[in-house]
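Thanks for making time this morning. Please have the sequence and the structure open while I talk.

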Amino acid sequence: MGSPDALASALAFVEREGPSLGLFLNRSKSLVFVPEEADLCHSTLPPDIPITRRGFSLLGCPVGPPDFCDEVFLNRIQKVKASLHALSDLKDAQLECTLLRSCLALPKISFILRACPPSHLHNSTASFDLAIRKTLESILGGPMSDWSWLKATLPSSRGGLNLRCASLHAPAAFLASCSQAGPLVEQILGLTPSPGILPESVVPALASAAARSDWRVPCDIDVPLHQRTLSLAIDEATFQQLLVSAPTTRSRALARSSSLPHAGDWLNVMPSTSLGLHLHDREFRCCISYWLGVPLHSVPFSCPECQCSADIFGDHQVGCGGSGDRITRHNSVRDVIFSAAQSAALGPTKEVLGLVASSQTRPADVYLPHWTSGRPAALDIHVISPLQEQLVAEAAFTPGHALQVGVQRKLASNLPSCRSAGIECIPVVAETLGGLAHDTITIVKDICRAISDGGYGIDLHSTTRHLFHSLAISLWRGNSTLWLHRFPTLPPSRDGVV
Ligand SMILES: [Zn+2]
């Protein structure tokens with residue numbers, strides 16, 4: 001960078017000193033950038049090096065005026081769109097969604113977002129976000145509301161799909177990059193170290209994205225300038241926006257419940273059939289629609305299993321006791337716990353009768369003969385829907401309300417008899433959206449620790465992750481069975497039968 005004379009001097013230096021270091025300048029592959037507002041008629045400009053007036057790409061990142069950067073980025077997005085379009089060839093919704101989230105969304109363009117000012121990428125980031133939304137709608141099989149899309153842009157720990165908006169997070173990426181690269185740039189240029197090279201123009205954009213009206217100048221931003229920290233601040237603001245803009249009480253409860261601990265586990269699994277973590281196409285589409293608040297049906301209908309009114313979102317269906325599907329879901333979750341306890345050599349037994357003298361109750365779905373301090377423990381599995389009519393109003397404002405209700409129910413029915421028999425009573429409670437009660441998380445981790453301590457060299461972290469993932473998929477598979485067995489029968493005019 002500099003005047004034509006400075007450029008000529010630098011060029012001479014490179015050609016004089018380079019060969020002794022094995023570096024040879026190829027003039028035909030070099031480029032001189034002369035901004036459009038600068039004078040082109042200068043005698044010291046090298047005649048045999050091509051000149052560009054609009055801008056250039058350095059290591060894949062556009063450098064130049066805003067329209068040039070936007071154009072280069074749009075070309076890059078066209079290539080990403082080709083990959084997005086090819087996703088549907090997989091014909092596997094879970095795999096498509098996993099690849100979209102992990103490989104083709106924000107990670108695909110994070111380098112440019114970090115290297116290019118967000119004000120230069122305004123049109124292209126909006127175009128990229130739209131392409132991601134359309135791809136998600138293709139996986140879902142139909143359009144979604146703006147509220148559902150807003151939910152999808154949150155991380156899975158906040159009830160979303162990790163499809164963060166490029167237009168929202170671009171300022172965070174660039175600001176963090178500037179902050180981290182600043183000292184090195186100053187060192188290279190021989191400048192006196194400054195407090196930071198935070199571009200003033202980025203701060204208002206970041207503050208707006210994070211809904212922080214108190215952020216006006218760089219020194220107002222009191223969080224460490226790492227992209228992760230800034231993005232989490234934006235996510236938190238987006239989550240609050242999601243709650244405030246929830247169109248119904250149910251939507252608000254959905255947002256709350258899908259952000260509970262471990263609720264997002266089912267999205268983070270490796271979709272592997274051999275590990276038992278794969279959901280079939282129709283199963284996954286139902287699950288992801290429910291997760292995002294996208295209706296499963298266009299109109300309410302009579303539930304084919306119990307003849308009650310089945311709603312468009314699937315809330316009745318996911319708790320319907322009209323057939324054995326709800327028990328199947330319960331038993332599936334129970335069996336995951338049971339198998340893990342077996343792997344931990346805890347000697348578990350299922351559904352034991354006669355645990356409590358003179359009682360026909362079965363307080364233990366899984367009975368552990370030796371648990372804390374050698375005492376036996378009764379694990380009672382319970383899956384509860386926070387969106388059912390009796391709980392949804394409170395669940396919209398109290399995170400984990402349904403879990404608390406589920407735990408209290410189990411303690412009320414089992415604790416007195418277990419206590420009289422000297423058995424520890426442990427409710428294992430999950431919400432239908434995957435959130436787990438505190439004690440449930442604790443016992444899952446304790447079982448994993450017992451597996452890891454078994455002396456077979458099994459890694460605790462991967463064991464724990466796999467057990468949480470197995471629990472999540474068995475729960476959501478059970479949910480999807482309830483939905484798929486309760487689809488309305490199409491009228492003759494729709495299914496072609498006269
Ligand atoms: Zn029903």
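This is a predicted model: local features need pLDDT of at least 70, side-chain atom pairs count only at pLDDT 80 or more; totals for chains, interfaces and linings use all residues.

Start with strand β9, residues 377-384. How many of its residues are buried? Eight of the eight. So β9 is largely enclosed by the rest of the structure.

Now the two faces. Ala377, Leu379, Ile381 and Val383 point one way from β9. Ala378, Asp380, His382 and Ile384 point the other way. Both sets are buried. Note that Asp380 and His382 are among those buried residues.

Next, the neighbours in pairing. Strand β8 covers residues 366-368. It pairs with β9 in the antiparallel sense, over three bridges. For valine 366, the bridge partner in β9 is leucine 379.

Then there is strand β10, residues 424-431. Which way does β10 run against β9, parallel or antiparallel? Parallel, with eight bridges joining the two. Look at isoleucine 381: valine 428 in β10 stands opposite.

Find isoleucine 109. It sits in the loop between α3 (93-104) and α4 (110-115). Buried or exposed? The cut-off for buried is 20 or more other C-beta atoms within 10 Å. Isoleucine 109 has 22 C-beta neighbours inside 10 Å, so it counts as buried.

What does isoleucine 109 touch, leaving out residues up to four places away in sequence? Phe128 and Ala166. Also check alanine 170. That residue is 61 residues from isoleucine 109 along the chain, yet their C-alpha atoms are separated by 9.9 Å.

That's my part. Over to you.

Methods. Residues are numbered from 1 along each chain as its sequence is written. A residue is buried if 20 or more other C-beta atoms lie within 10 Å of its own, exposed if 12 or fewer, and partly exposed in between; C-beta atoms are placed from the backbone. Helices (H or I, at least four residues) and strands (E, at least two) are DSSP runs, numbered from the N terminus. Two strands pair if DSSP finds at least two bridges between them. Two residues are in contact if their C-beta atoms, placed from the backbone, lie within 7 Å.
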